Amino acid sequence: MRLDSFQKIEPELIRKLKLAGINSIESLAIISPVDISKILEIEIDEAVSICNKAAIELEESGKISRSSLIERNDRSSHNRSYIKTGSQELDQLFGGNGIETKAITQFYGRSATGKTQICHTLCVTVQQLQNSYKTIYLDTEGTFRAERIAEIAKARGLDPSKALQNVRCIQPLNSARFESILQQDLLLQLNQENDIKLLVIDSIINPYRAEYSGRGMLSQRQSRLSKVMHLLQQIARVHDVAVVITNQVHTSVDGYSYCLADSDRPMGGNVITHTSTFIIRLKGNSSYLMAEMKKSPCYPETVKCFGINEGGVGDISHGHMD
Ligand SMILES: Nc1ncnc2c1ncn2[C@@H]1O[C@H](COP(=O)(O)OP(=O)(O)OP(=O)(O)O)[C@@H](O)[C@H]1O
Ligand SMILES: [Mg+2]
């Protein structure tokens, strides 16, 4: 929704917001009042009032669900889409539905447990939901491979070059660029393009792990991650996008805890854990991988097996890939 059409704030403020790259009511509702007060050089109370008006405008347009306690909730604004993972077993973790829009789904696990393969597969399966659906893929580890997308698409009966056109990969150089892409380029793109259904971040922790290393930097790192995760939550809700993030693990170095089955913990602490809607732990090796639902608002904590083949993620039957 274009900011020009927003009549509840003065044209002069709209002009300033546009100069700062905020062109839509969606972006205005997503950005924090603290940032809005800095951009517009106004008191925080006034910025809070503007952000509130933007949120109400989105509710009234039906883009997000209504917060009104008086009116009955309009069910259509709660509607979500579901993206299949490529494995029926893995889909079972999500009640058979797959990954939902309007939510953040986190996959964590050690190296070679299938995190990147799941992300690549979703770029294709989202197009099986509707062939115009697009993915924005933020590759912070340098492991995105266009040829892998093409291979998965071909194995799934899609035109590989068309499938690739629907996937836009961005490889930010550092955490600062990562944040600016999220806050500016991505919001702009989401406002211009209705068909973006999937946002992949592989991985969320990599830009921060090296740049903000050591205990002394922990609070700065957590505070930046908190801002990023909050923005991702808002993007998922306002733009009806499935946000999929991958995460690395802390592995205990002492022999005793190494023996414990659950010694791996996702990185980024409570900030990433609390803001992820679903958390799935991955274990095993490429011929036999296991996924365990660790956090979900609606599904039980079950474990399922899957494998990787030319079509990306798939099911294993009697020791063979389907
Ligand atoms: N075309 C393919 N066919 C079959 N298996 C593949 C194919 N491409 C990759 N794999 C396997 O998928 C496995 C999982 O790799 P993936 O890159 O998803 O791990 P990851 O969890 O992202 O690891 P990291 O934390 O190091 O990024 C690898 O062991 C690899 O052998
Ligand atoms: Mg990876």
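**Backbone, domains and ligand shell**

Modeller: Asp 240 sits in the loop that runs between α11 (218-239) and β7 (242-247), and the model in which we place this residue is a predicted one.

Biologist: Is Asp 240 buried, exposed or partly exposed?

Modeller: A residue counts as buried with 20 or more other C-beta atoms within 10 Å and as exposed with 12 or fewer. Because Asp 240 has 19 other C-beta atoms within 10 Å, its class is partly exposed.

Biologist: What is the phi of Asp 240?

Modeller: Most residues other than glycine have a negative phi. Asp 240 is not a glycine, yet its phi is positive, at about 50°.

Biologist: Where does Lys 102 lie, and what is its phi?

Modeller: Lys 102 belongs to the loop between β2 (99-100) and β3 (103-109). This residue counts as buried because 22 C-beta neighbours fall inside 10 Å. Although Lys 102 is not a glycine, its phi is positive, at about 65°.

Biologist: Which two residues does a cis peptide bond join?

Modeller: Most peptide bonds are trans. The cis bond has an omega of about -5°, and one of its residues is found in the loop between β6 (196-202) and α10 (206-211), namely Ser 203. The two residues that this cis peptide bond joins are Asp 202 and Ser 203.

Biologist: How is the protein divided into domains, and what distance separates their centres?

Modeller: The division gives domain 1, covering 3-77, and domain 2, covering 82-321. Taken over C-alpha atoms, the centres of domain 1 and domain 2 are separated by 29 Å.

Biologist: Which helix supplies the largest share of the side of domain 1 that touches domain 2?

Modeller: Across the boundary, 10 residues of domain 1 are in contact with 10 residues of domain 2. On the side of domain 1 that touches domain 2, the classes are 4 nonpolar, 4 polar and 2 charged residues. The largest share of that side, 4 residues, comes from residues 25-30, which form helix α2.

Biologist: With which residues is Leu 187 in contact, once its neighbours within four places in sequence are left aside?

Modeller: Leu 187 is part of helix α9 (residues 175-192), and this residue is buried because 25 other C-beta atoms lie within 10 Å. Along the chain Leu 187 and Ser 27 are 160 residues apart, while their C-alpha atoms are separated by 6.4 Å. With the sequence neighbours within four places set aside, the contacts of Leu 187 are Ser 27 and Ile 30.

Biologist: And with which residues is Ser 81 in contact, leaving aside its neighbours within four places in sequence?

Modeller: Ser 81 lies in the loop between α4 (44-61) and β1 (82-83), and it counts as partly exposed because 19 C-beta neighbours are inside 10 Å. The C-alpha atoms of Ser 81 and Gly 98, 17 residues apart along the chain, have 9.1 Å between them. Apart from neighbours within four places in sequence, the residues in contact with Ser 81 are Thr 101, Leu 129 and Lys 197.

Biologist: Which element gives the largest share of the shell around ligand 1?

Modeller: Ligand 1 is surrounded by 14 residues, the closest being Ser 111, Lys 115, Thr 116, Gln 117 and Ser 286. By class the shell around ligand 1 has 2 nonpolar, 9 polar and 3 charged residues. At least two residues of the shell come from each of α6 (115-129) and β12 (303-309), and the largest share, 3 residues, comes from α6.

Biologist: At which residue does α6 bend?

Modeller: The 15 residues of α6 reach 21 Å from first C-alpha to last, close to the 21 Å expected at 1.5 Å a residue. This helix is mostly covered, with 13 of its 15 residues buried. The bend in α6 is about 25°, and it is found at Leu 122.

Conventions
Residues numbered from 1 in each chain as written. Chains lettered and ligands numbered in written order. Predicted model: local features only at pLDDT ≥ 70, side-chain atom pairs only at ≥ 80, totals over all residues. Domains from an automatic or database assignment. Contact = placed C-beta atoms within 7 Å. Nonpolar A, V, L, I, M, F, W, Y, C, P; charged D, E, K, R; others polar. Near = placed C-beta within 6 Å. Expected span 1.5 Å × (residues − 1). Bend = angle between axes of the 7 residues up to and from the residue.
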